[in-house]
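Subject: Structure handover

Hello,

Here is the structure I said I would pass on.

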Amino acid sequence: MDLIVKDNNLINASYTLGLVEQRLILLAIIEARESTSHIDTETYLEIHAQHYASRFNVDVKNTYAMLSDAVQTLFNRQVTYMTIDTKRNKPEKRVVRWVSGISYVEGAGIVKLRFSPEVIPLITQLEQNFTSYELEQVKHLNAYATRLYELLASWRSTGKTPIMAIQDFRAKIGVEPQEYNAMNNFKNRVLEPSITQINQHTDITVSYEQHKAGRVITGFSFTFTQKKQTKDVTPKAKKSAAKPKTTKQEEQIDWMTVDILDRFIGLPTAQQTATLDKVEAKLKGAKKARFKAARSGSLKQLMTDFSLDINEAMMTL
């Protein structure tokens, strides 16, 4: 499972990235989280053209040129996010580069990038207040729709967002100050196409409400629901034929389970192990045997089958 995980400060940050640049960042986040070694300010992550093409269903021949062009611009891209000045205990607006180094290996179709020191903890050191989603959900979205989906994902426990002021919202989804200043252009070229793409290609259905001061639109809020899983209408095989089984891992887990999975992934490895040990010690009989078997397999399947038990254990650690 290609899981994108970001600190909520990064989810709610303001930045502008082209579609290829944004996808490079997502693939690098996956690479960083899946790396068996510690990621630091000297670590270069590699994204291969073939990998990019297969993940986003694009022609690999075109990918070489796209990645080469993205390398030329990504180094100068900035991200603005809110943090806390720990010395004064006051909010601080911080502006940093996404990467501290980036290069393209000619002929090999490989991008090598190194995240900036400020960004690294926002994608690797996650214990609370973070958002995760599967890369599959955004593979068909444009840059604006991808950012909107991320913002919505951070509110999935409630299924609705607060009102976002128009200028703040524009900055978060990557609209430049000089772009689409007329509201009808912004809605027709950015907002409504993004909603259409999300509704067509992702696991949620979203709608928006505009908020006004007099006749002027000052902000937007969004409500969304998870789509129901499509029923399997494939004709049943005859009894003489072996019926393939659908595993829990292939099923779409509900949002409560996803939330529990998010929090579990954010725990340090030692606490993850302690949580699972606590669950296993509490269970009895056949359920305990099923837990032990599931524990040695897929984390997603384990969470699907035993999410409530795991959640209870996390709450009492």
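Predicted model: local features only at pLDDT ≥ 70, side-chain atom pairs only at ≥ 80, totals over all residues.

Cores. The largest nonpolar core has 66 residues. Those with the most contacts inside it are Trp98, Phe115, Phe169, Phe186, Ile198 and Phe222. Helix α2, residues 19-34, gives the most to this core, with nine residues. Another core lies apart from it and has 19 residues, among them Leu3, Ile260, Ala294 and Ala313. As background, nonpolar side chains in soluble globular proteins tend to be buried together.

Leaving aside neighbours within four places in sequence, Phe169 is in contact with Leu148, Leu151, Met164, Phe186, Leu191, Phe220 and Phe222.

Strands. Strand β11 (residues 216-226) pairs with β9 (residues 164-165) in the antiparallel sense, over two bridges. In that pairing, Ala165 stands opposite Gly219 of β11. Strand β10 (residues 204-213) also runs antiparallel to β11, and ten bridges join the two. Ser207 has Thr223 in β11 as its bridge partner. β10 and β11 form a hairpin with two residues between them. Gly214, in the turn, has a positive phi of about 70°.

Loop residue. Gln137 sits in the loop between β8 (130-134) and α6 (143-153). Is Gln137 buried or exposed? Its relative accessibility is 13%, so Gln137 counts as buried, the cut-off being under 20%. Not counting residues up to four places away in sequence, Gln137 touches Tyr149, His201, Thr202 and Asp203.

Helix pair. The axes of helix α10 (residues 269-282) and helix α11 (residues 285-295) come within 10 Å and cross at roughly 155°. Angles over 145 degrees count as roughly antiparallel, and α10 and α11 are therefore roughly antiparallel to each other. On the α10 side, the contact involves Thr273, Leu276, Asp277, Val279 and Glu280. These meet Lys288, Phe291, Lys292 and Arg295 in α11. By type, the residues of this contact divide into three nonpolar, one polar and five charged.

Regards

Note on methods. Residues numbered from 1 in each chain as written. Heavy atoms only, no water. Axes fitted to C-alpha atoms, helices over the stretch in contact; angles between N-to-C directions. Helix = DSSP H or I, 4+ residues; strand = E, 2+ residues; numbered from the N terminus. Parallel < 35°, antiparallel > 145°, perpendicular 65-115°, else oblique. Contact = heavy atoms within 4.5 Å. Nonpolar A, V, L, I, M, F, W, Y, C, P; charged D, E, K, R; others polar. Pairing = 2+ DSSP bridges. Buried < 20%, exposed > 50% of the residue type's maximum accessible area, 1.4 Å probe, protein only. Core = buried A, V, L, I, M, F, W, Y, C linked by side-chain atoms within 4.5 Å.
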